Amino acid sequence: MNITIIGLGLIGGSLAKALKSVNTNLFIKGYDKPEILELAISQNCIDLGITSFNEVNDSDIIFIALPISESLEVLKLIAPIVKEGAIISDVCSVKEIFETTWETASSKGKFVGGHPMTGKEKTGFQNSDSLLFENAVYILCGELEDSSASKEFLKLLYSIGAKVKFLSAEIHDRITAKVSHLPQIVAVALVNAITGSNNNSEAIEFSAGGFRDMTRIASSPFHIWEPILQNNKSNIIDSIEAIIEKLNEYKSLIANDNSKQLAESFESARYMRDAIPKQNKGFINPVFDLYVSVKDEPGVLSKLTTLMFENSINIKDMELLKIREGAQGTFRLSFESESAVTLAKELLEKHGFIFN
């Protein structure tokens, strides 16, 4: 099986690592900057670095793991080059524009739009992870032919732990506008709404865990989102209109002291929120928090972090929430899984730490 991955950033690099971790016999070629190719080869993620798109002509499967605009250009370039029966797939979060582009292409290959619904807050090959796709929903758009290449393509995705789902490109773009693109806009709007046009940080100083968690994705860089907003414009606008309508409804209910309907809305939201599959990864992996009370004395933080280090437990984030000088304080520790939280809690309890 000859595979090419064009773009070895977070997704492409993670894909290379994941595939090699489950099948070392795969021959993987990578296309990226020379220094990235050198690093990927040194880590045994790829077998060969390529510098020309002409070198994909013998590949059975080609993954294009670049931003939207670049991916579209590469798709046009390699379509006439690939061999008969080869599968080309992208990893972008909009799909209709790729189907439209493919319809005008002349190729012996087959295009299957792909969207792994996973990610991290930090990008680039240096942050790639062989477990990134584990339990992640991986959407495919388009019909797969009953061919050996198609079967191998699906087998590869299942082998890295992905949960493969099939959707039409139209439905995909409508759904992602609601569950991914709209939340990004809402997070940005929420931060800007409370800080105002002058970026007043007064309110930010009083924000706590709920606000931080709701606005985590507001830190995403605009250059990643610009092509998404451009290529899924109508669906995103429809989603914005829907939430404006809902906010106006709640505004009216609050103004008229209609607690009954508000309570029904809260209950409905709680029910639907609890129905979200807990094992599915999102675009940004969640963190799991543990609140630890500590004495205000020298060395207590060192004791806590040393315990985590000695037991190979990784703290993803840490924040001092409150402290009473000379008495005690509370730290929020964030971990990458519930099992890590459980292990950390058991360990800290044995050493006299208490929890909020």
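This is a predicted model: local features need pLDDT of at least 70, side-chain atom pairs count only at pLDDT 80 or more; totals for chains, interfaces and linings use all residues.

Residues are numbered from 1 along each chain as its sequence is written, and side-chain values use heavy atoms, with hydrogens and water left out.

## Nonpolar cores

A nonpolar core is a set of buried Ala, Val, Leu, Ile, Met, Phe, Trp, Tyr and Cys residues joined through side-chain atoms within 4.5 Å. Buried means under 20% relative accessible area, exposed over 50%, and partly exposed in between (1.4 Å probe, protein chains only). The largest nonpolar core has 35 residues. Within this core, Ile3, Leu8, Leu19 and Phe63 touch the most other members. Six elements each supply at least two residues of this core: β1 (2–6), α1 (10–22), α2, β4 (61–64), β8 (137–141) and α5 (148–159). Helices (H or I, at least four residues) and strands (E, at least two) are DSSP runs, numbered from the N terminus. Helix α1 gives the largest share, 6 residues.

Leu19 shows how the parts meet. Leaving out residues up to four places away in sequence, Leu19 touches Ile3, Leu26, Ile28, Phe63, Leu156 and Ile160. Contact here means heavy atoms within 4.5 Å. A second, separate core has 22 residues, including Ile78, Ala86, Ile88 and Cys92.

## Helix α3

Helix α3 spans residues 68–78. Its buried residues are Ile68, Ser71, Leu72, Val74, Leu75 and Ile78. An α-helix has 3.6 residues a turn, so residues three or four places apart point the same way. The buried residues of α3 pack against β1, β4, β5 (87–90), α4 (96–103), β6 (110–111) and α8.

## Cysteines

How many disulfides does a search of the whole structure find? The search finds 0. A disulfide is a pair of cysteine sulfur atoms within 2.5 Å. For Cys92, the closest cysteine sulfur is in Cys141, 12 Å away, which is too far for a bond. Cys92 is buried at 5% relative accessibility. Cys141 is buried too, with a relative accessible area of 3%.

## Salt bridges

A salt bridge is a side-chain nitrogen of Lys or Arg within 4 Å of a carboxyl oxygen of Asp or Glu. The count by this rule is 12.

| Pair | N to O distance |
|---|---|
| Asp58 and Lys29 | 2.7 Å |
| Lys83 and Asp60 | 2.7 Å |
| Asp90 and Lys95 | 2.9 Å |

The bridge between Asp58 and Lys29 links distant parts of the chain, 29 residues apart. Asp58 lies in the loop between β3 and β4, and Lys29 in strand β2 (residues 27–31). Asp58 is partly exposed at 36%, whereas Lys29 is buried at 4%.

Lys83 and Asp60 are 23 residues apart and also link distant parts of the chain. Lys83 sits in the loop between α3 and β5, and Asp60 in the loop between β3 and β4. Lys83 is partly exposed at 32%. Asp60 is partly exposed at 22%.

Are Asp90 and Lys95 buried or exposed? Asp90 is buried, with a relative accessible area of 0%. Lys95 is buried at 1%. Elsewhere, Glu267, Arg270 and Asp274 are linked in a network of salt bridges.

Asn232 lies in the loop between α8 (222–231) and α9 (233–255). Asn232 is buried, at 2% relative accessibility. Its side chain makes a polar contact of 3.2 Å with that of His181. A polar contact is a pair of N or O atoms within 3.5 Å; within protein, one must be able to donate a hydrogen and the other to accept it, and residues adjacent in sequence count only if both atoms are side-chain atoms. Not counting residues up to four places away in sequence, Asn232 touches Val94, Asp173, Thr176, Ala177 and His181.

Asn44 is not a glycine, yet has a positive phi of about 60°. Asn44 lies in the loop between α2 (34–42) and β3 (48–50) and is exposed at 58%. Ser312 has a positive phi near 55°. Ser312 lies in the loop between α11 (300–310) and β11 (317–324) and is exposed at 70%.
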